[in-house]
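Here are my notes from a pass through the model, as numbered points. Have the viewer open while you read.

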Amino acid sequence: RIMEEKPANPPNQTIYINNLNEKVKLPELRKALKAIFKQFGEIVDIVALTNVKARGQAFVVFKDIGSAKDALTKMQGFPFCDKPMRIAYAKGKSDALAKLDGTYVERPGKRKTVDGAERKVKRPSGVPTQSYIARAATTAAHPALPNKILFLENLPVDVDQNQVAMVFQQYLGYREVRLVAGRPGLGFVEFDTEVQSAAAMEGLQGFKVDEDHPVKISFAKR
């Protein structure tokens with residue numbers, strides 16, 4: 001059940017997420033967070049740190065405050081890898097946003113993270129490409145919540161199950177592909193967890209089975 005929690009910090013473009021599953025590897029975590037939160041608006045940066053004290057925590061930086069508000073409201077308490085996400089607004093402005101508006105100043109020695117805490121670690125990039133940002137901005141008005149099943153649209157009418165399976169089986173946790181009988185161009189792909197399905201969606205969004213059909217991938221509605 002989604003929990004309602006009044007944010008302590010004033011609304012801004014960066015949300016702070018904790019209580020994340022610490023067993024999820026960082027590359028998979030960043031991909032999953034990007035796939036989950038891109039539905040709310042353009043993402044500028046995602047920060048997840050490797051040091052022990054920061055495990056289970058991440059920051060998602062949106063380009064505008066409205067996207068951050070929407071994400072915090074709708075995803076508060078969402079069960080991500082069997083643990084409810086706790087989301088709040090970050091305390092300070094992210095480096096990524098400062099670089100965009102020209103206010104960024106390089107800090108000597110220790111680097112500050114988006115929550116204002118000093119760290120000695122180097123912030124990972126995690127920045128999506130401009131082409132991916134453009135695709136992420138064109139999402140449905142009411143997208144489905146993250147889950148382990150992906151919904152495929154715009155498949156070629158003559159594609160078969162084996163062709164689609166060959167594309168998705170390269171990703172960990174792949175289970176099966178199901179094409180929709182009587183509805184050409186539509187299909188479903190199932191994975192073991194929502195983290196694995198999110199990684200596949202982020203990596204394969206817009207892939208082409210043939211030259212004329214970039215496939216649209218989203219979480220299936222349940």
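1. Start with Glu-190: at 11% relative accessibility, this residue is buried (buried is under 20% relative accessible area, exposed is over 50%, and partly exposed is in between, with a 1.4 Å probe and protein chains only). Its side chain meets that of Arg-175 in a salt bridge, 3.2 Å from N to O; the term covers a side-chain nitrogen of Lys or Arg within 4 Å of a carboxyl oxygen of Asp or Glu. Glu-190 sits in strand 11 (residues 187-191) and Arg-175 in strand 10 (residues 174-179), so the pair ties together parts that are 15 residues apart in sequence. Arg-175 itself is partly exposed, at 46% relative accessible area. Helices (H or I, at least four residues) and strands (E, at least two) are DSSP runs, numbered from the N terminus.

2. A word on the source before going further: this is a predicted model, where local features need pLDDT of at least 70 and side-chain atom pairs count only at pLDDT 80 or more, while totals for chains, interfaces and linings use all residues. Residues are numbered from 1 along each chain as its sequence is written, and side-chain values use heavy atoms, with hydrogens and water left out.

3. Which residues are linked with Glu-190 in a network of salt bridges? The network consists of Lys-148, Arg-175, Glu-176, Arg-178, Glu-190 and Asp-192. Across the whole structure, the search turns up nine salt bridges.

4. Two other salt bridges are worth a click. Lys-63 and Glu-42 pair up at 4.0 Å, N to O. This one links distant parts of the chain, 21 residues apart: Lys-63 is in the loop between strand 3 (58-62) and helix 2 (65-75), and Glu-42 is in the loop between helix 1 and strand 2 (43-47). Both ends are partly exposed, Lys-63 with a relative accessible area of 46% and Glu-42 with 24%.

5. The other is Asp-70 with Lys-74, whose closest N and O atoms are 3.3 Å apart. Here both residues belong to helix 2 and are four residues apart, about one turn of the helix. Asp-70 is partly exposed at 28%, and so is Lys-74 at 40%.

6. Met-75 is also in helix 2, but at 0% relative accessibility it counts as buried. What does Met-75 touch, leaving aside residues up to four places away in sequence? The list is Ile-36, Phe-37, Phe-40, Met-85, Ile-87, Leu-145 and Pro-146, with contact meaning heavy atoms within 4.5 Å.

7. Now helix 6. Ten of its eleven residues are buried, so this helix is largely enclosed by the rest of the structure. Among the buried ones are Glu-194, Gln-196, Ser-197 and Glu-202. Just after the helix, Gly-206 takes a positive phi of about 85°.

8. How do helix 1 and helix 6 meet? The axes of helix 1 (residues 26-37) and helix 6 (residues 194-204) come within 8 Å and cross at roughly 75°. That makes helix 1 roughly perpendicular to helix 6. Axes are lines fitted to C-alpha atoms, for helices over the stretch in contact, and angles run from 0 to 180 degrees between N-to-C directions; 65 to 115 counts as roughly perpendicular, under 35 as roughly parallel, over 145 as roughly antiparallel and the rest as oblique.

9. On the helix 1 side, the contact is made by Glu-28, Lys-31, Ala-32, Lys-34 and Ala-35, and on the helix 6 side by Val-195, Ala-198, Ala-199, Met-201 and Glu-202. By class, that is six nonpolar, no polar and four charged residues. For the classes, Ala, Val, Leu, Ile, Met, Phe, Trp, Tyr, Cys and Pro count as nonpolar, Asp, Glu, Lys and Arg as charged, and the others, Gly among them, as polar.

10. Two glutamines in loops deserve a look. Gln-39, between helix 1 and strand 2, is buried at 11%, and a polar atom of its side chain lies 2.7 Å from the backbone oxygen of Ile-36. Gln-205, between helix 6 and strand 12 (216-219), is buried at 15%, and its side chain reaches the backbone nitrogen of Ile-217 at 2.7 Å.

11. For the overall picture, the protein chain has six helices and twelve strands. Buried residues make up 47% of its 222 residues.

Methods: A polar contact is a pair of N or O atoms within 3.5 Å; within protein, one must be able to donate a hydrogen and the other to accept it, and residues adjacent in sequence count only if both atoms are side-chain atoms.
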